[in-house]
Amino acid sequence: MRCYNCMKELKTESKYCPYCGKESSASNPPHQLAAGTMLNGKYLIGNAIGEGGFGITYVGFDTTLEIKVAVKEFYPTGYANRNNNLSNDVTLNYSAQQNTFQQGKDSFLREARSIAQFSRETGLVGVRDFFTANNTAYIVMDYLDGMNLNRYIYINGTFSINNLIRLMLPLMQSMKKMHAKNVIHRDISPDNIIYVKDGYFVLTDFGAARYYSADQTKTMSVILKSGYAPYEQYGKKGKQGPWTDIYGLCATMYKCITGITPPDVLDRIRADELKPPSELGVAISEEVEKVIMRGLSIYSEQRYQSMPELINAICDAINTDKEKPSITKHCPKSNGTQNKGCQ
């Protein structure tokens with residue numbers, strides 16, 4: 001028997017888990033998978049740890065490898081239905097929704113394939129398995145012990161710019177490799193970056209990820225998160241690429257150091273009231289501030305066009321700073337070499 005919250009093995013039955021202190025029993029409501037369900041012959045499902053418009057994420061346990069995992073289920077609100085007292089199978093509210101549901105499920109599995117190739121990257125969530133069951137689809141991912149940046153800021157306050165850059169640079173390196181494979185995330189925000197307790201950032205939720213090409217002619221679906229979506233994402237024919245992720249990343253950095261979500265880009269077109277962090281009382285050098293603000297340019301051609309370009313700009317800005325903050329050890333350009341932080 002295991003606790004359905006932390007998935008630790010319980011030696012004796014008890015209401016509260018001796019490891020996590022929470023009630024060890026199942027608590028999933030009827031529309032979610034019943035805790036205790038076994039998926040694909042080896043994944044024990046615990047209680048839900050997150051739910052959004054397109055899916056439910058559960059804590060799980062890989063009984064083969066004996067490790068804790070996260071299991072994401074395709075479950076689009078408004079389309080899917082379930083009563084786990086009767087069955088774990090997902091049903092549709094209306095038969096006319098079948099084609100739309102199938103397209104969504106196919107897209108969900110494409111997400112798994114998109115990120116599975118980057119499973120060894122520290123800054124990107126690792127995918128261990130994906131499959132279909134219960135008339136829907138599942139992705140098994142590494143379990144990340146931490147909290148997203150929105151929650152972290154709410155509990156602990158903002159980051160110093162030096163600490164933020166130290167944490168962001170390895171993530172940027174992982175994104176550089178992702179972009180080199182022509183994959184863009186398209187939904188970067190504080191909700192989708194986890195601050196892992198071991199002390200690093202991990203980018204999650206690749207549900208909006210797509211392949212892009214320099215001569216892009218295909219339309220892309222409209223994915224919007226106010227304050228973090230750039231202008232080109234507001235239309236299906238907007239040309240998207242690494243510069244799209246750069247906007248979301250710089251908007252996230254802005255939130256991390258100011259505690260304020262940038263204004264929606266459409267509002268900025270009418271009247272750009274985005275204030276530089278220094279005007280909000282943030283201790284930041286002029287050079288680093290310019291980098292973040294350029295990454296937040298309304299029009300894509302005015303932003304950095306690639307992740308290496310952004311990384312180099314940040315490293316140059318740090319090395320120009322007369323105060324030489326501790327982060328310079330990640331960007332030692334002054335001696336003519338580059339370590340992992342600035343490649």
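## Exercises on a sheet and a helix

In this predicted model, I194 stands opposite V202 in β12. Residues are numbered from 1 along each chain as its sequence is written. Local features need pLDDT of at least 70, side-chain atom pairs count only at pLDDT 80 or more, totals for chains, interfaces and linings use all residues, and side-chain values use heavy atoms, with hydrogens and water left out.

**Exercise 1.** Find the order of the strands in the open sheet, and say which helix packs on the sheet, touching β9, β11 and β12.

*Solution.* 
- Start with β11 (residues 193-196): 4 bridges join this strand to β12, and the two run antiparallel. Strands are DSSP runs of E, at least two residues, and helices are runs of H or I, at least four, numbered from the N terminus. Two strands pair if DSSP finds at least two bridges between them.
- Now extend the picture: the 3 strands are ordered β9-β11-β12, with antiparallel pairing.
- β9 (146-148) and β12 (200-203) are the edge strands, each pairing on one side only.
- Angles run from 0 to 180 degrees between N-to-C directions of axes fitted to C-alpha atoms, for helices over the stretch in contact; contact means heavy atoms within 4.5 Å.

**Exercise 2.** Why do the buried residues of α6 line one face of the helix?

*Solution.* 
- List the buried residues of α6 (residues 286-295): V288, E289, V291, I292 and G295. Buried means under 20% relative accessible area and exposed over 50%, with partly exposed in between (1.4 Å probe, protein chains only).
- Look down the axis: these residues fall within an arc of 155°, so they share one face. The arc uses directions from the helix axis to the C-beta atoms.
- Check the other side, where E286 and K290 are exposed.
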